[in-house]
Amino acid sequence: MQRRILLGSGIIVVIILLFKFCEFKKEDDASLDYNTNLIQQQIVNVGKLVVTEGHFAEVVTYKNQDKYLMNMVSFEKKAIVIVNADVTVAYDLHQMKYDIDEKNKTITILNIPKEEIKISPDIQFYDVEQSKMNPFTGDDYNKINKSVRANLAKKIEKSSLKTNAKNRLISELSKILILTNTMGWKLKYEGNVIEKEADFNQKIKG
C-alpha cells in the first residue's frame, strides 16, 4: 500500500514537472515571437525614403564660333547662362535586405541601398548674341545642359550634402541597433557585429 502511495506521488510529481516545463517552453516561445515581431516592426518603421535636399547656383558663359573662308570670316554666338538647381540625395530603405535568426537572436543587414542623386536644374539665358549664320540650336542647349549637370555633380561631391545624407541614413539604422541592444540581440553587417553607431560610419561607404 505504501509503495502504491509513493508510486502515485512520484507520478504526480513527474506530471507537474512536465506541465511546468511545457508552460515554461510556451512562455519562452511566446517571448521569442514577441521579440521577433518587435524587431520586424522597427525595421518596417525604418524602411522609408531618407531624403536630404540642397540648392546650388552658378553662372556660365557659353560661346561658340563658326569660321568660314579659311578662318577669315567667323560668326560667334554667346550667352550668359544662370543656373539654379535643386538637388536631392536619397536612400530608399524599402530596398534594404536583412535576415532574422531567431535561434541565435541575431539580425543581419544583408544590403543597404546606394544613394540616389537627383539634379533638377533651372537654366535661364541672358544677353544672348547670335547671327543667322550661327544661331542657337537644340544641340547648343543639349551641350549646355550636359555641361551644367557635370559641373553640379562636381560641386555635390565637394559639398557636405552627401555626408549629411549619410549621417541621416546612419541615424535611421541606429534605431534598429538601439532596439537589438535593449533586447539582448546582436546586429551584424558585412560579417561584423555592430555595437555602436560609429561602427556603421566605418562600414557604410558614402
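Q: Which residue stands opposite N192 in β7?
A: Strands here are DSSP runs of E, at least two residues long, numbered from the N terminus. Y189 stands opposite N192 in β7. The model is predicted, so local features need pLDDT of at least 70 and side-chain atom pairs count only at pLDDT 80 or more, while totals for chains, interfaces and linings use all residues. Residues are numbered from 1 along each chain as its sequence is written, and side-chain values use heavy atoms, with hydrogens and water left out.

Q: How many bridges join β6 to β7?
A: Strands of a sheet pair through backbone hydrogen bonds, either parallel or antiparallel. Two strands count as paired if DSSP finds at least two bridges between them. β6 and β7 run antiparallel and are joined by 2 bridges.

Q: In what order do the 4 strands of the open sheet stand?
A: The order is β3-β4-β6-β7, with mixed pairing. β3 (97-101) and β7 (192-193) stand at the edges with a single partner strand each, so one side of each has no neighbour in the sheet.

Q: Which residues touch the most other members of the largest nonpolar core?
A: A nonpolar core is a set of buried (under 20% relative accessible area, 1.4 Å probe, protein chains only) Ala, Val, Leu, Ile, Met, Phe, Trp, Tyr and Cys residues joined through side-chain atoms within 4.5 Å. Of the 38 residues in the largest one, these are I109, L173, L187, F200 and I204. α3 gives the most to this core, with 9 residues.

Q: What is L187 in contact with?
A: Contact means heavy atoms within 4.5 Å. Leaving aside neighbours within four places in sequence, the contacts of L187 include I107, I109, N192 and F200.

Terms used
Buried means under 20% relative accessible area, exposed over 50%, partly exposed in between (1.4 Å probe, protein chains only).
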